[in-house]
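Dear colleague,

Please find below the structure that I am handing over to you. I would ask you to keep it open while you read the notes that come after it.

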Amino acid sequence: IFAMKHNHRILVLILLVSVALRVAIAFSYGDTVDAPPLLTDQRSYHALGVRLLSGEGFSFAGSWYPFTAANTPTAHWSFLYSLFIAGVYAIFGAHPLAARLANAVLGGILLPLMVYRLAARLFTPDEREGAPAPAAVLPALPLIAAGSAAVYGYFILYAAVLMTETAYIIALLWSLERGLCVARVLKRGESLPVGLTLQLGLSLGIAALIRQAILPWMPVFFLWLLLNLPVLRPARLTGQQRGNLARLFLVPGVVIACILPWTIRNAIVYGDF
């Protein structure tokens with residue numbers, strides 16, 4: 001119990017340092033869009049946030065990359081992150097610094113925390129599986145991983161800009177941690193909690209709405225989860241295994257539920273699937 005409290009205190013300290021570093025960089029970039037100057041995607045998300053706030057929807061006032069005419073609906077930029085920027089601007093006004101600080105605080109907390117959870121899932125032995133582990137080393141690895149994420153230069157930089165990288169990495173880490181948890185439950189032949197599969201589906205759905213690049217990975221990930229079932233032939237599955245298989249298919253169901261409203265929106269806007 002003492003060791004757990006000690007680890008939690010260290011983790012809190014890591015998160016405080018993480019937030020402080022990112023907030024400092026956010027203030028150094030200030031209330032301008034083009035800071036640092038080479039990260040030009042910030043212009044697009046700032047512009048979309050302003051346009052959404054003014055009721056113009058997902059569009060730009062002038063011709064925009066890629067191949068978007070002025071005042072024409074676009075589907076080329078993250079819907080979810082644009083809405084996040086618009087939400088921040090709705091509260092604090094159209095100030096890039098406000099969005100930078102929101103990114104810095106959320107990214108400073110959630111990214112190292114997700115790294116910690118994933119490392120703990122990977123390196124903490126599961127006694128029910130009989131996994132051997134050097135007790136003196138493994139408990140420290142999640143803290144080392146979280147500390148590394150807290151002070152890594154590129155993570156600090158991207159948490160203070162108006163871009164999707166930080167949010168995407170957080171969602172990706174969340175999905176990997178939940179996926180490993182699902183795999184362990186399936187390997188042990190235990191009943192798969194519905195809440196766990198819903199969380200996995202939600203993490204993947206959020207990641208897809210932030211950066212669609214994750215979509216080709218999802219079938220591979222889902223196939224790997226299926227391979228963790230002790231028996232894949234339906235006729236030989238036990239009742240519990242059939243229940244697990246049904247609950248596992250909630251994962252793509254949640255992903256589809258996240259994506260479908262935007263697919264319908266795009267079909268309406270462009271008159272094509």
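The following paragraphs set out what was found, beginning with the whole chain and moving on to individual residues.

**The chain as a whole**

Please bear in mind that this is a predicted model. The secondary structure comes to 11 helices and zero strands. The C-alpha atoms fill a box of roughly 60 × 50 × 25 Å along the principal axes. The chain has 273 residues, of which 43% count as buried. Where contacts join residues at least 6 apart in sequence, 70% of them are between residues at least 24 apart. The accessible surface amounts to about 14,000 Å², and 71% of that area belongs to carbon and sulfur atoms.

**Salt bridges**

How many salt bridges does the structure hold? There are six. One of them pairs R117 with E177, whose closest N and O atoms are 3.4 Å apart. R117 counts as partly exposed because its relative accessibility is 35%, whereas E177, at 1%, counts as buried.

E165 forms a salt bridge with R211, with 3.5 Å between the closest N and O atoms. Here, too, distant parts of the chain are linked: E165 is in helix α7, while R211 is in the loop between α8 (194-210) and α9 (217-226), 46 residues apart. R211 has a relative accessibility of 30% and therefore counts as partly exposed.

A further salt bridge brings together the side chains of E190 and R188, at 3.1 Å from N to O. Both residues count as partly exposed, E190 at 29% relative accessibility and R188 at 23%. Elsewhere, salt bridges that share partners join R117, R121, E177 and R178 into one network.

**The buried face of α9**

Which residues of α9 are buried? They are M218, F221, F222, L225 and L226. Seen down the axis of α9, these buried residues fall within an arc of 140 degrees, so they line one face of the helix.

With a relative accessible area of 0%, T197 is buried. Leaving aside neighbours within four places in sequence, T197 is in contact with L192, R247, L248, L250 and V251.

S44 is located in helix α2. Is S44 buried or exposed? S44 is buried, because its relative accessible area is 3%, and the cut-off for buried is under 20%. The side chain of S44 is joined to that of W64 by a polar contact of 2.7 Å. Apart from neighbours within four places in sequence, the residues in contact with S44 are F60, W64 and W77.

**S54 in a loop**

S54 lies in the loop between α2 (41-53) and α3 (79-92). S54 is partly exposed, with a relative accessible area of 47%. The side chain of S54 reaches the backbone oxygen of R51 at 3.0 Å. S54 and A90 are 36 residues apart in sequence, and their C-alpha atoms are 9.7 Å apart in space.

**A nonpolar patch on the surface**

Which residues form the nonpolar patch on the surface? The patch consists of L13, V17, L21 and V151, which together have about 320 Å² of accessible area. Its largest share, three residues, comes from helix α1 (residues 2-29). V17 lies in that helix, α1, and counts as partly exposed at 36% relative accessibility.

Yours sincerely,

A colleague

How values were computed
Residues are numbered from 1 along each chain as its sequence is written. This is a predicted model: local features need pLDDT of at least 70, side-chain atom pairs count only at pLDDT 80 or more; totals for chains, interfaces and linings use all residues. Side-chain values use heavy atoms; hydrogens and water are left out. A salt bridge is a side-chain nitrogen of Lys or Arg within 4 Å of a carboxyl oxygen of Asp or Glu. Buried means under 20% relative accessible area, exposed over 50%, partly exposed in between (1.4 Å probe, protein chains only). Helices (H or I, at least four residues) and strands (E, at least two) are DSSP runs, numbered from the N terminus. A polar contact is a pair of N or O atoms within 3.5 Å; within protein, one must be able to donate a hydrogen and the other to accept it, and residues adjacent in sequence count only if both atoms are side-chain atoms. The arc is that of the directions from the helix axis to the C-beta atoms. Patches are made of residues with over 30% relative accessible area and no salt bridge: like charges are joined within 9 Å, nonpolar side chains (Val, Leu, Ile, Met, Phe, Trp, Tyr) within 5 Å. Accessible areas come from the Shrake-Rupley method with a 1.4 Å probe; for residues, only the protein chains shown count as cover. Contact means heavy atoms within 4.5 Å.
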